[in-house]
Amino acid sequence: MAKTHYVCQNCAAELGKWAGQCPECGAWNSISEQQQPLPARATSASSALDVTPITAVQNGQREQRYSTHIEELDRVLGGGLVTGSAVLMGGSPGIGKSTLLLQAAAKLAAHSGNTLYITGEESAEQVALRGQRIKASDQQLQLLACCELEAMIATIARQKPCAVIMDSIQTTVSNRLSSAPGTVSQVRDCASALIQQAKQLGHALILVGHVTKDGALAGPRVLEHMVDAVLYFEGDRGHAHRIVRAVKNRFGPAGEIGVFEMSDRGLHGIRDASRLFLAERHADTSGSVVLACIEGTRPLLVEVQALVAKTVYATPKRSAVGVDVNRVSMLTAVLERRIGIPLAAHDVYINVAGGAKIIEPAADLAILLAVLSAFYDRPLPVDGAVFGEVGLTGELRAVAQPEARVKEMQQLNFRRVLLPQANVQRLQESSLVTPGLHVQAARSLAEMARLAFTTAS
Ligand code: TYD
Ligand code: MG
C-alpha cells in the first residue's frame, strides 16, 4: 500500500503532516507531498552474519586512480579519480561545471579509454560544439543525451566505460517514481542506483549537482553522504578565476583547492595562484594586508582589504566578503576592548581581493591589521605578510604549518613576516630563517600593533 508522507526538498526530512517551514532545516515552502511505496522491512530477526577481524581483511592493491591530466583537478581529487568511486561536483549555474568536466572527460578518454558523458541539460550537438571550441574532444569520448535513469544504467552496463560523467543529477528521472525531476526522492534514488553500479562495475562516476542561491546543494543534501568526494566550485561569474574545493574526500585531503581561470578556451589550471591573487594589489596603501594562508595542503598568499568609515547608523555595520562576517564582528570587538580603538562609531568592511574565500582562523591577524591600518590610514610595510589566530583576550595563538606559509612568502619576495610568538620556535628549527628574513613576532595583539606600525613609519 502506498502511504502519503511529506518530505522537505531541501534537507530530505520526512514529516507526518504538511508545514510551511521545515522544522529541521528552516527552509520555507520546501515541504511537498510524496507517495512512496512502503519499504519492505524484514519482520523477523535476520540470522547472524560472520564478522572478520580487521587484520584478516585482504587489503588487496592500493586504490587505482585515473588521472584527469588536469593538474589542478587531480590535486583536488587527491591524485586522480579513484575507480569505483563517486564524486559530486557542486556549483551555481554558469560557474563552469560542464566546461571543466568536458575537458576532464576528453583527457580521460585520451589517456584511459572509453569515457561516457551523459548530458541531461544540453543536447549532444551543444556539448560537441563546445568541445570543438575548447578543444575538448576525443574518439573515445562518447556522448549520451538522456534523462532516464533506467536507460542510462543499461547503456553504462553495455558500454563499460572507465568513467561516467552525469550532468546533472537533478535532471535525471527514474520511471519507477512518480515524483518530479529534482525532488529529493528522485535525486536520492537515481544517485544511489548510479553509485551502486559504479561500485559494481568499477568505473569512476562524477555527478553534477546544482547549488541554490545560498550555496547549498539544491535538494540533495543527502547526496553529500552518499558519495566519496564532494567538490564545490567557488568564486563568482564576475571574476575570471574559479576555485574548486574538496569539502569531503574519502581518498584525499579535504579542504584541498584547485585554482582555475576561465578563458574563451575553457578553464585552465593556475599553479602559481598566489601571484594571481596579488596581481592587482596596490602596495603601500592603507587597509591592505597580505595574508599567508593554507588552503588544503597548499599555501596561498591573498590580500585582505579593510575599509573603516564613520557610521551613519545607530549600530555600526560590519560587512565581509571572503571571510566570515561573524568572525569580523568578534575581531573588531576585540580591537575595541583590548586596545581601545573606538570602532563603535565606525563601519568596518572587509574584502578578500580576487574572490578567494578564507575559512581558517589564521586570517584573524591579517583582518585586524588591515582594520588598524585603515583606521590609522597608515600602510603596513610592502614586503610584509601576516598570519596568526587572535583570541578573545587579544592573545596571538599559533597556527598550523608556519614553515609552508613562510616558504610561499619567500617565493614571492616577501621579506618580513608578522606572526604569533608561539610559532617562532618551529620556524627557527626549519632552515627557513635566513638573514634576509625579518621576523616580527608578538604575544598579543597590542604588542603586534605597536611592532607593525612603528616599523611602517
Ligand atoms: P558552464 O560550464 O556551462 O557552467 P555550468 O555547467 O556550471 O552551469 O558555463 C560556464 C560559463 O562560462 C558560461 O557562462 C560561458 C562561459 N564560458 C567561457 O567563458 N569560456 C568557455 O570556453 C566556455 C566553454 C564557457
Ligand atoms: Mg552545465
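Residues are numbered from 1 along each chain as its sequence is written, and chains are lettered from A and ligands numbered from 1 in the order in which they are written. Because the model is predicted, local features need pLDDT of at least 70 and side-chain atom pairs count only at pLDDT 80 or more, while totals for chains, interfaces and linings use all residues; side-chain values use heavy atoms, with hydrogens and water left out.

**Domains and cores**

The chain is divided into domain 1 (2–36), domain 2 (64–271) and domain 3 (280–456); these bounds come from an automatic or database domain assignment. The centres of domain 2 and domain 3, taken over C-alpha atoms, are separated by 37 Å. In domain 2, 17 residues are in contact with 10 residues of domain 3, where contact means heavy atoms within 4.5 Å.

A nonpolar core is a set of buried Ala, Val, Leu, Ile, Met, Phe, Trp, Tyr and Cys residues joined through side-chain atoms within 4.5 Å. Buried means under 20% relative accessible area, exposed over 50%, and partly exposed in between, with a 1.4 Å probe and protein chains only. The largest nonpolar core has 66 residues, of which Leu291, Val302, Ile350, Ile358 and Leu369 touch the most other members. Helix H9 (residues 364–376) gives the most to this core, with nine residues. Domain 2 and domain 3 both give residues to the core, so it lies between them. Apart from it lies another core, of 35 residues, among them Leu77, Leu101, Tyr117 and Val127.

**Two helices**

Helices (H or I, at least four residues) and strands (E, at least two) are DSSP runs, numbered from the N terminus. The expected span of a helix is 1.5 Å times one less than its number of residues.

| Helix | Residues | First to last C-alpha | Expected span |
|---|---|---|---|
| H2 (97–112) | 16 residues | 21 Å | 22 Å |
| H9 | 13 residues | 18 Å | 18 Å |

In H2, 12 of the 16 residues are buried, so H2 is largely enclosed by the rest of the structure. Leu100, Leu101 and Ala105 are among the buried residues of H2. Glycine 113 follows H2 and has a positive phi, near 105 degrees. In H9, 11 of the 13 residues are buried, so H9 too is largely enclosed by the rest of the structure. Its buried residues include Asp364, Ile367, Leu369 and Val371.

**Strands**

Strand S7 (residues 115–119) and strand S8 (residues 141–145) pair in the parallel sense over five bridges; two strands pair if DSSP finds at least two bridges between them. Tyrosine 117 has leucine 143 in S8 as its bridge partner.

Histidine 346 is found in strand S18 (residues 346–352) and is buried, with a relative accessible area of 12%.

**Backbone angles**

Most residues other than glycine have a negative phi, and most peptide bonds are trans. Aspartate 377, which follows H9, has a positive phi near 55 degrees. Aspartate 377 is exposed, with a relative accessible area of 55%. Histidine 69 also has a positive phi, of about 55 degrees, and counts as partly exposed at 38% relative accessibility. The peptide bond from aspartate 167 to serine 168 is cis, with omega near 5 degrees. Serine 168 lies in the loop between strand S9 (163–167) and helix H5 (184–201).
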